[in-house]
Amino acid sequence: MGRFFILFRREVASTFHQPIAYVVLFFFLVITGFNFHAGITMLNNGRGTTTVVEAFFNTMYFWFPFLLVFPFTTMRVFAEESKMGTIEMLMTAPVRDSQVVLAKYAGALFFYLVLWAPSLLYFVTFQTITGMNAAGAAGSYIGAYSILTMMGMLYTSIGCLASALTDNQIVAAMISFAAILALFFLGLLSFIMPATGSILREVTYYFSPIEHMVDFSRGIVDSRPVVFYISSTILVLFATLHVFQYRRWKS
Amino acid sequence: MVKVEKLTKKFGANTAVDSINFEVQKGEIVGFLGPNGAGKSTTMKMLAGFLPPTSGTAEIAGCDVFTDSLRAREHIGYMPENVPLYTDMRVSEFLRYRASLKGVPGRRLRDRISDVLELCGLEDVEKKIISRLSKGYRQRVGLADAMVHEPDLLILDEPTIGLDPNQIRLVRDLIRNLRRHHTILISTHILPEVEMLCSRVIIINKGRIEALDTPQNLRARLGQEGHVLFDARVPDARVAAAELRKLEGVQTVNIRNDGPWSIFKIQCTPGHDPRETIYQFAVEKSWPVRELSRPPVSLEQVFAEVTNGEEL
């Protein structure tokens, strides 16, 4: 476990040693701040009957930065090291492949969580200024942030897989963006399916981040998405480990 | 320390390393010589546990590099070609990270890092960010990294490539000082380096080991078939050459003129040194002699001979 933390610390340090991290953080805050503003404005105008937390997590302005951020958090993790050749130095130290993959994944996930952490302050600010509750109950926060984390886990692992596939960061970013968008739009299918109760609608519910977020931000913690996100994360990480090994063995 | 048996690496249809065998004893400095693309780096990468062999085995300190890779890697300090480093880190920060990753216990970190900083002459740049360092310093950071965990075996892939002559000398002195504590496997295509550093040389070409011996023995092997230079003022060079050819131990004679002097390049029969005979003969004929010498065979010639089958 010791080596994992050494590697993890290095991943986090390398992320925040690069100016791009702060650029991403800045624009991310601008967009989520705008999203918060838009949510409140909508509620002020009397359109919508939701809480502030629900409004924040269920707008188009939420999904836009959410989906866009993964290529930025994950594109470098493997691609950069293979391109720079530092992977050779890393993998000749006595570390397991799985430790490296997990540490890199955890580093990217950490960055994702850092990006979302300031959003908690929006609700604190709201409550301090207005004296009103931003959420109906604490479950709303727990639900929203736990599904945010779980979706992040899956999408980060997809990004890591894309990065392990290539030496080129831009290519990695494009692959992960395409894969994440594809998964997201698959979830949108449930909205264009005509009747409730149809099998396709049932099936697409399992993939649909939008549906999951609607439930979880109300505080409804459904076990099905939890199982889906955690098991598919493990699957994708497993694939990442194998791609990582395969590419090294072949080269 | 190192035991390699029938080690083979294929990349598709291309065989980079073809069933090589060798052993390295503790405390040796072994030079790995060969033209570009001969399979030096591939062999080293396999020994360092980075590439798995297609077939065959390699053992480091009794641990198989493939099946017992982690333990084998603990015994190795590997410096890859071109020395890839994390350029966003400071020198001491980088060494600290590498040392702890390689399992140097926390209480020894400070000592080990100051040791290698001193040994590699990096004290002045300790706080600098690696991307700002010159090539020579980076090379030394790579070397410091390779030995920070006190490995038994150092594998250095072209440690002096791309350095200026002064830096090459520094790195070479550094390596020479290391031989007391480490077994060293060093690859290069700079031959004087090998002659100066190595106790044994492995010449590899097209994935096969062509020669494996001490630099002295390798030279001696060719030296037997060497030649003698004889520089004298003779009345008639052609006649003199014909006479010289009749002497014992002389095979062929080439003539080159330098004003009134004639320079004879005399090819000797293997195992013979005809210098004394030639001297006696010159005295007999009272030829004034400017030079009578047997130029030493350099490793460069050995290398050319072995890798190209080139006649000298």
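**Figure 1. Contact between chain A and chain B.** In this predicted model, 18 residues of chain A are in contact with 20 residues of chain B. Two helices of chain A, α1 (2–16) and α6 (86–91), each supply at least two residues of the side that touches chain B. Sorted by class, that side of chain A holds eight nonpolar, six polar and four charged residues.

**Figure 2. The six-stranded sheet of chain B.** The sheet is open, and its strands follow the order β6-β7-β8-β3-β9-β10 with mixed pairing. At the edges stand β6 (76–79) and β10 (208–213) of chain B; each has a single partner strand, so one side of each is left without a neighbour in the sheet. From one strand to the next, the twist averages 15°.

Figure 3. Strand β7 of chain B covers residues 153–157 and runs parallel to β6(B), to which it is joined by four bridges. Within this pair, Ile76(B) stands opposite Leu153(B) in β7(B). β6(B) has a single partner strand, so one of its sides is without a neighbour in the sheet.

Figure 4. Residues 135–147 of chain B form helix α5, which lies across β6 and β7 of chain B. The angle at which α5 runs to β6(B) is about 165°.

**Figure 5. Fold and dimensions of chain A.** Chain A has 13 helices and zero strands. Its radius of gyration is 19 Å, close to the 18 Å that the globule rule gives for 251 residues, so chain A is as compact as a globular protein of that length. Along the principal axes, the C-alpha atoms of chain A fill a box of roughly 60 × 45 × 30 Å. Of the 251 residues of chain A, 40% count as buried. Among contacts in chain A between residues at least 6 apart in sequence, 76% join residues at least 24 apart.

Technical notes
Residues numbered from 1 in each chain as written. Chains lettered and ligands numbered in written order. Predicted model: local features only at pLDDT ≥ 70, side-chain atom pairs only at ≥ 80, totals over all residues. Contact = placed C-beta atoms within 7 Å. Nonpolar A, V, L, I, M, F, W, Y, C, P; charged D, E, K, R; others polar. Pairing = 2+ DSSP bridges. Axes fitted to C-alpha atoms, helices over the stretch in contact; angles between N-to-C directions. Rg over C-alpha atoms; globule rule 2.2 N^0.38 Å. Buried ≥ 20, exposed ≤ 12 C-beta atoms within 10 Å, placed from the backbone.
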